[in-house]
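Please look over the sequence and the 3D structure shown here. A short briefing goes with them.

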Amino acid sequence: MSSRIKGTGLVLEIDGTDYYADCVSCVLDNEEAAAAVTTFADAALGGARQFYFDIEAIQSPDSASLWAKIWDNTGDIVNYVFAPTGNDTPGTNNPVFTGSVKIPTKPTIGGTASVTGEYTFTTRFDCQEEPTIDRTP
């Protein structure tokens, strides 16, 4: 049986800090890249792809939060480590993805009255290159 990813473990390290405790949802995805020029190499691979993270996270103005990291560093290019199975080191069945992302625009803050639980925000981090996958134990 194949290994399965469950919603109990995740490593999302951005610029050296793990923000797993702030994340409600974190998905690495890709779409057709909007490019002015497509090279023959891009076309041979099916077209250029833009990789990105879709993230939902808690709102917290705490200086150590992901919300504050985004607010204070909008536009910076930083390194990331993403381990969807929650492992600290790569493994054959537990890969780790690495690369760099651009910190997006400042996140929202606030919410609706009488809502129970924490307020969240959604954001998108655009990868600056195709992620590197490491399966080396």
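The points below cover strand pairing, cysteines and one backbone angle. This is a predicted model, in which local features need pLDDT of at least 70 and side-chain atom pairs count only at pLDDT 80 or more, while totals for chains, interfaces and linings use all residues. Residues are numbered from 1 along each chain as its sequence is written, and side-chain values use heavy atoms, with hydrogens and water left out.

**Strand pairing**

- Strands are DSSP runs (E, at least two residues), numbered from the N terminus, and two of them pair if DSSP finds at least two bridges between them.
- Strand β4 (residues 49-58) pairs with strand β3 (residues 23-32) in the antiparallel sense, over nine bridges.
- Within β4, Gln50 is the bridge partner of Glu31.
- β4 also pairs with strand β7 (residues 120-127), again antiparallel, over seven bridges.
- Opposite Phe121 in β7 stands Ala57.

**Cysteines**

- A disulfide is counted when two cysteine sulfur atoms lie within 2.5 Å, and the count here is zero.
- The closest cysteine sulfur to that of Cys23 is in Cys26, 5.1 Å away, which is too far for a bond.
- For Cys127 the closest cysteine sulfur is also in Cys26, at 9.8 Å, again too far for a bond.
- Cys23 is buried (under 20% relative accessible area; exposed is over 50%, partly exposed in between; 1.4 Å probe, protein chains only), with a value of 15%.
- Cys127 is buried at 5%.

**A positive phi**

- Most residues other than glycine have a negative phi.
- Asp15 is not a glycine, yet its phi is positive, about 55°.
- Asp15 lies in the loop between β1 (11-14) and β2 (17-18), and is partly exposed at 42% relative accessibility.

How values were computed. Helices (H or I, at least four residues) and strands (E, at least two) are DSSP runs, numbered from the N terminus.
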